[in-house]
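Visitor: I have a model open and a few things to ask about it. Can you walk me through it?

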Amino acid sequence: MKNYIFIILIILCVFNVTAQNSASAAINSRATIIDPIKIDKTVDLDFGNVISAYNPGQVILSPDGSRVAFGVEISSSMPGNVNPAEALVTHGNNNYAITLPDEFTLYNQENPNQILTINRFTVKPQEGNIMDLIKIGGTLNLEANQVSGTYTNSSGFNITVSYN
């Protein structure tokens, strides 16, 4: 009888130990696919007509299209084409960051050794639901006695947008 009780106790211990040997749970999963962010330029950056001076100077073009000159002059009677750059950013109502260059160089079309630099870029988004219009301004830097002519750079500067 002792053997039977001992065998029963061993069997109960074995069943008791193996009864909690594993457990499982069902895990749900999901993925949300969003459209890639997209940017399309609509208007180029144009500082308009600037009158050279004997001293270095700057023209600041704001994203709203207003200009302020320091050390040089801008003519209200002959402003030329004055436009902040514009681009459409399609973002699907997601947050994003805008990266602009530190500096960009323009070259005189007649004399490529003559340059102007643009720096201190500024940007102002006009926010929409899935698409924003961003306007970009900057500071045009002129040397003393800057040679007259049209300054441009056909490669353009890059503006990068990326999801946060």
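Visitor: Let's start with a strand pairing. Which residue in β4 is the bridge partner of Gln 58?
Guide: Phe 70 is the partner of Gln 58 in β4. Keep in mind that this is a predicted model.

Visitor: How many bridges join β3 to β4?
Guide: There are 4 bridges between β3 and strand β4, residues 67–70. The two run antiparallel.

Visitor: And what sits between β3 and β4?
Guide: They form a hairpin, with 5 residues between the strands. Gly 65 is in the turn and has a positive phi of about 95°.

Visitor: How many bridges does β3 make with β10?
Guide: That pairing has 5 bridges, in the antiparallel sense. One of the bridge pairs is Gly 57 with Leu 142 in β10.

Visitor: Is β3 mostly covered or exposed?
Guide: Mostly covered. Of the 5 residues in β3, 4 are buried.

Visitor: On to the core. How many residues are in the largest nonpolar core?
Guide: The largest nonpolar core has 22 residues. Those with the most contacts inside it are Leu 45, Phe 47, Leu 106, Ile 118, Phe 121 and Leu 140.

Visitor: Which elements give two or more residues to this core?
Guide: They are β3 (57–61), β6, β8, β9 (115–126) and β10 (131–142). The largest share comes from β10, with 4 residues.

Visitor: Pick Ile 118. What is in contact with it, leaving aside its neighbours within four places in sequence?
Guide: Its contacts include Leu 45, Phe 47, Leu 106 and Leu 140. Ile 118 is also in contact with Asp 102, Glu 103, Phe 104, Gly 138 and Thr 139.

Visitor: Now aromatics. How many aromatic pairs are there?
Guide: The count comes to 2 aromatic pairs. In one of them, the rings of Phe 104 and Phe 157 have centres 5.5 Å apart and planes at 65°, so that pair is edge-to-face.

Visitor: Where do Phe 104 and Phe 157 lie?
Guide: Phe 104 is in strand β8, and Phe 157 is in the loop between β11 (151–152) and β12 (160–163). The pair therefore ties together parts 53 residues apart in sequence.

Visitor: Is Phe 157 buried or partly exposed?
Guide: Phe 157 is partly exposed, with a relative accessible area of 22%.

Visitor: How do the rings of Phe 121 and Phe 157 sit?
Guide: Their centres are 4.8 Å apart and their planes are at 45°, so this pair is tilted. Phe 121 is in strand β9, 36 residues from Phe 157.

Visitor: And are Phe 104 and Phe 121 buried or exposed?
Guide: Phe 104 is buried, at 11% relative accessible area. Phe 121 is buried too, at 12%. Phe 104, Phe 121 and Phe 157 form one aromatic cluster.

Visitor: Change of topic. Where is His 91 found?
Guide: His 91 is in the loop between β6 (85–90) and β7 (96–99).

Visitor: Why does His 91 count as buried?
Guide: Because its relative accessibility is 4%, and the cut-off for buried is under 20%. Beyond four places in sequence, the residues that His 91 touches include Ile 37, Tyr 96, Asp 132 and Tyr 163.

Visitor: What about Pro 125, where is its place?
Guide: Pro 125 is in strand β9. Pro 125 is partly exposed, with a relative accessible area of 35%. Leaving aside neighbours within four places in sequence, it is in contact with Tyr 96, Leu 133 and Ile 134.

Visitor: And Thr 105, is it buried or exposed?
Guide: Thr 105 is buried, with a relative accessible area of 18%. Thr 105 is found in strand β8, residues 103–108. Leaving aside neighbours within four places, its contacts are Ile 115, Leu 116, Thr 117 and Asn 153.

Visitor: Which strand gives the most to the lining of the largest pocket?
Guide: That is β1, with 4 residues. Among the elements that each supply at least two lining residues are β2 (46–47), β8 and β11.

Conventions. Residues are numbered from 1 along each chain as its sequence is written. This is a predicted model: local features need pLDDT of at least 70, side-chain atom pairs count only at pLDDT 80 or more; totals for chains, interfaces and linings use all residues. Side-chain values use heavy atoms; hydrogens and water are left out. Buried means under 20% relative accessible area, exposed over 50%, partly exposed in between (1.4 Å probe, protein chains only). Contact means heavy atoms within 4.5 Å. A nonpolar core is a set of buried Ala, Val, Leu, Ile, Met, Phe, Trp, Tyr and Cys residues joined through side-chain atoms within 4.5 Å. Rings of Phe, Tyr and Trp (its six-membered ring) pair if their centres lie within 6.5 Å; planes under 30 degrees apart count as stacked, over 60 as edge-to-face and the rest as tilted. Two strands pair if DSSP finds at least two bridges between them.
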